[in-house]
Amino acid sequence: MTLSPDSQALLLLCSHLGLSSSSENSPLTLKDWNPLAKKLLSISKRPAILLDLNKEELKNMLEITEEEAERIAHLLQRSGSIAIELEHLQSLGIDVLTRADEDYPTRYKERLKDSAPTILFYAGEKALLGQPGVAVVGSRHLDEAGQACAEFVGNACGMSGLVLYSGGAKGVDSISMNAALNSRGTAVGILADSLEKAIRNPENREAIYRGDLCLVTQYSPSAPFSVGTAMGRNKLIYTLADYAIVVASDAEKGGTWAGATEALKSRWLPVFVLYHPDMPKGNKMLIERGAYKFPHPLPNSHQELQTWLEEHSSATIADPCQLSLF
Amino acid sequence: MDKRYTLMLLRKMIGEDKHFRPGQWEAIEAIAIKKQRALVVQRTGWGKSLVYFLATKLLREQGSGPTILISPLLSLMRNQIVMAEKIGIRAFTINSANRAAWSAIEAALAKDECDLILISPERLNNAHFIKEVLPKISGRIGLFVVDEAHCISDWGHDFRPDYRRIVRIVQMLPEGVPILGTTATANDRVVEDVKVQLGPGLTVLRGPLARESLRLQNIQLSNQSERLAWLAENLPKFKGSGIVYCLTVADTERVTNWLKQKGFSAEAYHAGNDENLDRPELEQAFLKNEIKILVATVALGMGFDKPDIDFVIHFQRPGSVVAYYQQVGRAGRAVEKSYGILLSGIEDDQIQNYFIESAFPSLQVTQNLLEVLEQSEGLSLYEILAKVNTSKSMAEKALKLLEVDGAVGQTYDKKVLYFRTPNAWHPDIERSNRVQNLRKSELAQMQAYVDHDGCLMQFLLNALDDPHATACGRCANCRGRGLPTEVAQKLVIEAENFLKSDHIVIQPRKQWPVGLFPDQKRNIPLEYKNNAGLSLCYYGDAGWGNLVRSGKYYDNHFSDELVKASVHLICDIWQPDPFPSWVTAIPSTRHPNLVPDFARRLAGHLRVPFYSVIRRIREAPEQKTMQNGFMQARNVINTIQIDQRVSQEPVLLVDDIIDSGWTLTMAGYLLKKQGNGQVYPFTLAQATSRNANG
C-alpha cells in the first residue's frame, strides 16, 4: 500500500503508531487537530505541507504557540518508525484509512462532522464501509426474542444485499453478523478493541478473505477491551448504517442505552427497538423517546426488510452536510 | 570544512596518521550531508563501519535521531564499539540473546543516549521491538543502514527473505531519511536489482575488490583421506593462524579431531547442536591467537573481523564464487602475505545439491501448513509438526517465507503461536525456480573456477563485475608454483585409518517429542532412557560409509569387514561398562533379515547371545519419510512390538542407520518398559544430510 503524503501527515499527528503510552508527546486529539485542519483549509493547504516544515514555520503557518509547534514538530519526526509499524500491520492484514483519504467513509464526515475519527484501522473490504445497511445493537446477554431478532435481521441483510453493521462483540453482534455471513451476505464489524486478535478468528478470516467482511476500529489494533472505547465506538456503528435496530437495552445505563439515546438525539438515522411484551425496560423507554417499534413476532419476509423499515419510519434524519475536512 | 572535521574524527578513531580510504568520504558526504540514499560496494575490511559511525556522528550533531543498523550479524565486534566510543558514539545491539540488557538499552534510547542500534532484519517484525523499542526513539531514525545489502536481491548469492521486509519499509520511508546500503559482494545484476528496490535515487559507490596480499591456489584431491593428509603436511608451513572451512558440521568435527590427533591447535566452530561449543569464546580465543586453526562452517561468517589471518583453506568447495570470495577474503586484511587454498573433493557436489534442493520448502509442505493454520486461531511450532509431516527446519523455513509474504503472523501467548492472516497468498513458483536455477549456475561457475588455469583473483573479480580486475601476479597460476599438490602415501594411509576409527557418539534423547504423550512430562524418565551409544561411521563417507551404502542398497548384506570393524570399535575403543550381555536388532519390513543377520554375526564375535525380540506388527512407512520427531516417534510406537522380557542385563540395540534417533529412542523405551535392562544403541552409520547445514 502506498500512503498519500496527506495521510502520512495525519498518521504522524493523530495516531499512536510509533509512540509509547508513556511518551511525553501524545498524538493530537480531535480537539487538538480540528482547529489546525480548519486553519489549513482556510489558507487552502493540505496536511502534507506540514511534513516539510520546521518548528518555526509550523508556528507561523498554523498560528500556534511555541510549545504546540514543538509537539507537532516532534510528532512529525517519527515517519521512520511509522514505516516499520505500518509494514508490520500490513503483513498481518491490517491497513489504515485517514480522514484525508478518498476512501474514508463519507458518512462519518457527513454525520459526525469534525468528530469523525481521524484514523481508522481496518482489515478486509473497505468498500463495504458506508454501503446501504442495517446496524444491530444490544447487550451481550439476550433473551430468546432478542436472539431470534438478531438472527432474523442478519439473515435478512444477507439475503437482500444489505450490509449488516455491528460492534463485532459477543452476543447480539456475533449472532447477527454470522447470520448475515452465513446467508452469503456482507458485514462490517466496528470494533472497540483487539482488531489484531479478531482477524485471527478462522470465521472472520475466511469472510475477510472472501471480501464479505470488513473489521474496522478507531483504536489501536492491539488495544485491549475497555469500557471507554466500547462507548466511544457506538456512534461509529450508527453513523455507517441506514437503519438501526436496538435488540435489547438496559434502562438509563450501559453502552447500548447511551448509544441509542445519542443516535435518537442526533437524528443520524431511524432507530428501531425490538418491541414485545417481555422486552427489557430500556426498550420501552427508548420507544418513549422516539424510537420506532420493531415488532416481535417479526415481519414476514426476509427480502422485504428494507421496504418494511422504510415504510415504518418517517424521514426524521438530520440534513447531511459534506465537510471537506481532513 | 566538513571533510576536515570528519577527518579529525576519523583520526580520533583509528590513529593520527590515518587518511580516508578512497570512497569513504564520498559515502559519508552522500548520506550525512546531502541526505541521499547510497549503496557502497567495497571489499570487506575497507572500513564501511567507519562510514556509518562517522555519518552517525555528523547526523547526530545536526540533531538527527539515532542510526538503525540492520544486519544479519548478531552483534558489533567489541573493537568496533571501542572505536566508535572514541568519538562519543554509543552503539548497542538488541537481539534475542541479550534480553537481560534490553531495559537498559531502552532506557538509553528514551534519554537519547544511544546513537546507533544494531538489529537483525527479523526484529523489524518483532512486536516488542515495534511497540516498546521504536517508540523510545520517537521514530526519529537519523540514518537507516542496510548491511549486506546484496541480500535484498534474488540475484544475490545469499538471498534472505527478511530483506524483502526491509525493502517495503524503505519504500515507505520519507525522502529525508538517508539510507546506506553496504555490500562487499554485488555484481552488476545485483547492484541494478538493489537500485530498483531501494529507489531510483540511489548513488552507487564502487571500489576495487582485489586483495593485494592474497595468494590463491586450487588443489584437487578427491578423497577425504588425501585432503586430511594434505592438511597435516602443509599446515605447519604457515606461521600464523587461519581458518579451514568445511561444508558440514560433521566435517568440521572430523577435521578437528584429525588435526588435534596430529598435534595441531585446532577447534571446531559451527552452529550445530553442541552444548559444549561456545562460539563467542572460540572467536575470542582465535582473535587472540590462542587457537591457531579454526575449523568452521559458514557459521563463522559475516562480520567476523580478524586482521591477521594467514590462510583460509577450504576442505570442501563452497557453492558459489561469491561465497568463496567472501570467505577467502577473511585472510590477509593486515598481513603482507596470506594464502587462500581451495581443496575440493568428490563429496562436494552431493552436499551442494542437497543445499540447493533444501533451500526452499516444497509447495506441498507450504500448502499443508497453511491448511492446518487456517483451521485454528494460532498454533505453536510443535503443534504444527504434529499435523504436518515435515522437518522442523523445513517448517521454520516455510513459516518464515509465509511471514514475509504476510500470509502468516506470529503472536505470543506463553509461547510463540503462528496464525494465518487474512492476506491472500499465492505461491511464487517462478521465484523459487529462478533462485534454484541461479544456485545451479553459481555451482557451475564455482566448478569453472576450480578448473581455471588463468589468474584466479581475476576470475573472482570478473565474476563480481569489478571494473578494476587485472591479473594479480600472485596466485599459483600467475606464478606457476605454489604449495605441493601431492601428499605422502604414508600420511594418506594414516588418515584412512583415522577415518575408519572415527566413531560417532549417539547422544540419548532427553525429551519426548512435544505432544506425543500429552499427559506426561516432556523429559524421558531415567528408567526409560537409553544409554549413550556409538555409530561406526557417517553414511556414504570415505572410511566405512561406502561399505554400509553398498551393503544396504546393492548386496542386501553387511560385509564381515563391517562386523569386524564394529567389534573392534565396541571392544577396543568403546568398552561399555557394564558390557552388554545380549544383542537385539531392529528389523525393517522391507529387508527383515538385513539388520538381524548383521546383529547375529556381531553377537557371535562379541560372544553374547542374539535374541530377536523386536517385531514389526504392521507395515509402516519407511522411517526416513517421516519428517519430524513427532511423526517419527509415533511411527515407531505404532508399528513395533517387543515380544517378551529377556533379561535385566544390559542389551546392545543394533540398527543400520541412525537419522533422527527416534527409532532407537522409542525401541529402547519399549524394551525397558518390558522390564529389560540398560539399552546401548549401536548403528553402522549416521545419516548426514539433515544436519548438514549449520
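This is a predicted model: local features need pLDDT of at least 70, side-chain atom pairs count only at pLDDT 80 or more; totals for chains, interfaces and linings use all residues.
For chain A, the assignment gives domain 1 (5–92) and domain 2 (123–311). The centres of domain 1 of chain A and domain 2 of chain A, again taken over C-alpha atoms, are separated by 33 Å.

In soluble globular proteins, nonpolar side chains tend to be buried together. The largest nonpolar core in this model has 160 residues, and the members that touch the most other members are A:Val134, A:Ala244, A:Ile245, A:Val246 and B:Ala55. Helix α3 (residues 48–61) of chain B provides the largest share of this core, with 8 residues. Leaving aside neighbours within four places in sequence, the contacts of A:Val134 include A:Val153, A:Cys157, A:Leu162, A:Leu164, A:Tyr165 and A:Ile245. A second, separate core has 69 residues, among them B:Met626, B:Phe630, B:Val654 and B:Ala667.

**Contact between the chains**

The contact between the two chains takes 34 residues from chain B and 32 residues from chain A. On the side of chain B that touches chain A, at least two residues each come from α6 (127–136), α7 (162–172) and β15 (415–420) of chain B. Of the elements of chain B, α6(B) gives the most to this side, with 5 residues. The side of chain B that touches chain A comprises 15 nonpolar, 11 polar and 8 charged residues.

Helix α7(B) also has a buried set, formed by B:Tyr163, B:Arg165, B:Ile166, B:Arg168, B:Ile169 and B:Val170. These buried residues of α7(B) pack against α5 (79–92) of chain A, and within chain B against β2, β5 (143–146), β6, α8 (188–198) and α16 (392–404).

Strand β1 (residues 37–41) of chain B is mostly covered, with 5 of its 5 residues buried. In a regular strand the side chains alternate between the two faces of the sheet. In β1(B), B:Arg37, B:Leu39 and B:Val41 point one way, B:Ala38 and B:Val40 point the other way, and all are buried.

| Strand | Partner strand | Bridges |
|---|---|---|
| β1(B) | β6 (residues 179–183) of chain B | 5 bridges |
| β1(B) | β7 (residues 202–206) of chain B | 5 bridges |
| β2 (residues 67–70) of chain B | β4 (residues 116–119) of chain B | 4 bridges |
| β3 (residues 91–93) of chain B | β4(B) | 3 bridges |

B:Leu39 has B:Gly181 in β6(B) as its bridge partner, while B:Val40 has B:Leu205 in β7(B). In β4(B), B:Ile117 is the bridge partner of B:Ile68, and B:Leu118 is that of B:Thr93. From β3(B) the chain passes through helix α5 (residues 102–110) of chain B to β4(B), in a β-α-β crossover that is right-handed.

**Local backbone features**

Most residues other than glycine have a negative phi, and most peptide bonds are trans. B:Asp112, in the loop between α5 and β4 of chain B, has a positive phi near 60 degrees. B:Asp112 counts as partly exposed because it has 14 C-beta neighbours inside 10 Å. B:Asp465 likewise has a positive phi, of about 55 degrees, and is placed in the loop between α18 (456–463) and α19 (476–479) of chain B. With 16 C-beta neighbours inside 10 Å, B:Asp465 therefore counts as partly exposed.

The peptide bond joining B:Asp577 and B:Pro578 is cis, with omega about 0 degrees. B:Pro578 lies in the loop between α22 (560–574) and β18 (582–585) of chain B.

Finally, B:Leu438 is part of helix α17 (residues 429–451) of chain B. Its C-alpha atom is 7.4 Å from that of B:Trp155, although B:Leu438 and B:Trp155 are 283 residues apart along the chain. B:Leu438 counts as partly exposed because it has 18 C-beta neighbours inside 10 Å.

How values were computed. Residues are numbered from 1 along each chain as its sequence is written. Chains are lettered from A and ligands numbered from 1 in the order in which they are written. A nonpolar core is a set of buried Ala, Val, Leu, Ile, Met, Phe, Trp, Tyr and Cys residues joined through C-beta atoms within 7 Å. A residue is buried if 20 or more other C-beta atoms lie within 10 Å of its own, exposed if 12 or fewer, and partly exposed in between; C-beta atoms are placed from the backbone. Two residues are in contact if their C-beta atoms, placed from the backbone, lie within 7 Å. Ala, Val, Leu, Ile, Met, Phe, Trp, Tyr, Cys and Pro count as nonpolar, Asp, Glu, Lys and Arg as charged, and the others, Gly among them, as polar. Two strands pair if DSSP finds at least two bridges between them. A crossover is right-handed if, with the strands pointing away from the viewer, the path from the first strand over the helix to the second runs clockwise. Domain bounds come from an automatic or database domain assignment.
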